[in-house]
Amino acid sequence: MTYIVNDACIACKYTDCVEVCPVDCFYEGENMLVIHPDECIDCGVCEPECPADAIRPDTEPDMEKWVEFNRKYSCLLYTSDAADE
Ligand code: SF4
Ligand code: SF4
């Protein structure tokens, strides 16, 4: 299981979620954040920090597309981060 970020995050200016994550698995995209599903340890501490309710556990219905979305973009961002170094 993992947590994901959905489109309620678009254009959010708060990044309280990022600060609390113990494993730094949030990645910042162009207009929203995503969670790397393989890095998230399911601790759940980020969920109550999000005022937009954009962070959801993947155990909720119809979350598959969001897991894939988060995986796709976090992998892309992870790769581009690494390329910058
Ligand atoms: S607090 Fe919620 S809406 Fe804001 S950046 Fe974090 S996940 Fe996105
Ligand atoms: S559930 Fe925990 S590990 Fe996963 S993104 Fe949130 S704070 Fe990070």
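Ala, Val, Leu, Ile, Met, Phe, Trp, Tyr, Cys and Pro count as nonpolar here, Asp, Glu, Lys and Arg as charged, and the others, Gly among them, as polar. This is a predicted model, in which local features need pLDDT of at least 70 and side-chain atom pairs count only at pLDDT 80 or more, while totals for chains, interfaces and linings use all residues. Residues are numbered from 1 along each chain as its sequence is written, and chains are lettered from A and ligands numbered from 1 in the order in which they are written.

With those classes in hand, here are the two ligand shells.

| Shell | Nonpolar | Polar | Charged |
|---|---|---|---|
| Ligand 1 | 10 residues | 1 residue | 1 residue |
| Ligand 2 | 11 residues | 1 residue | 1 residue |

A residue is near a molecule if its C-beta atom, placed from the backbone, lies within 6 Å of it. Around ligand 1 you will find V5, C9, C12, Y14, T15, D16, C17, L33, C50, A52, A54 and I55. Ligand 2 has 13 residues around it, of which Y3, C21, C40, C43 and C46 come nearest.

Now for the fold. Two kinds of DSSP run are counted, helices (H or I, at least four residues) and strands (E, at least two). The chain holds 2 helices and 4 strands, arranged along the sequence as β-α-β-β-β-α.

As for dimensions, the C-alpha trace spans about 35 × 25 × 25 Å along its principal axes. Buried residues (20 or more other C-beta atoms within 10 Å of their own, with C-beta atoms placed from the backbone) make up 26% of the 85 in the chain.

Notes: Buried ≥ 20, exposed ≤ 12 C-beta atoms within 10 Å, placed from the backbone.
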